[in-house]
Amino acid sequence: MSELKNISILFIVVFAASMLRSTEAIDHIVGSRNGWIIPVDGHSFYSDWASNITFKENDVLVFNFVTGRHTVVELNQTYFENCNVNQNIQFLDTSPSPVRFTLNRTGVFYFTCSIPGHCASGQKLIVNVSASSPALSQGPSSPTSSVSSDIHIDLVATFSILIAAVAVNFLF
Ligand SMILES: [Cu+2]
């Protein structure tokens, strides 16, 4: 029987390892192929881009742009809304592109470009970062439901592992 127990333990370890892989940090290319620009499609371009992505702690934002044409600054919410780019929390290295920024905490980050007029023209990005967790990656969800659905997925995964372990013990 001990051999069979070992099989079930192996089963659990493999499952756990495959779940851990989903927590690896991911590079996100800001604006995808368009990169970091004054959006030509209107002010919602970067919020539309961000709304399709789940940002996790320690993921990296990659800002691609023509060196010298743009910069990357992090602002607080008030200065971001007013495009007060001189009150930045961080002036990220502007040359050469790309600028890489590690999302080193949970919560909301605000980014824009410090070149005059660019913020007001819509070159601004809000990123909402959630904690790294073993939850499986999921599609876009409303902010109010994301926490509970994360827990739900965790429970489903945990039960799947338990059932698999029991099944292995029964079958052999
Ligand atoms: Cu710019």
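**Figure 1. Confidence across the predicted model.** Averaged over the protein, the pLDDT of this predicted model comes to 77, with 62% of the residues at 70 or more. Residues 137-153 are the stretch to treat with some care: pLDDT stays below 50 there. Even so, the model gives this stretch 14 contacts beyond near neighbours in sequence.

**Figure 2. The fold, element by element.** Four helices and eight strands make up the secondary structure of the protein. Walk along the sequence and the order reads α-β-α-β-β-β-α-β-β-β-β-α. So what share of the contacts with a separation of 6 or more joins residues 24 or more positions apart? That share is 72%. As for burial, 19% of the protein's 172 residues count as buried.

Figure 3. Why does V108 count as partly exposed? Because V108 has 13 C-beta neighbours inside 10 Å, and a residue is called exposed at 12 or fewer and buried at 20 or more.

**Figure 4. Who V108 meets from elsewhere in the chain.** Leaving aside residues up to four places away in sequence, V108 touches I126 and N128. V129 is worth a look too: its C-alpha atom lies 6.1 Å from that of V108, although 21 residues separate the pair along the chain.

Methods
Residues are numbered from 1 along each chain as its sequence is written. This is a predicted model: local features need pLDDT of at least 70, side-chain atom pairs count only at pLDDT 80 or more; totals for chains, interfaces and linings use all residues. pLDDT is the predictor's confidence in each residue, from 0 to 100. Two residues are in contact if their C-beta atoms, placed from the backbone, lie within 7 Å. Helices (H or I, at least four residues) and strands (E, at least two) are DSSP runs, numbered from the N terminus.
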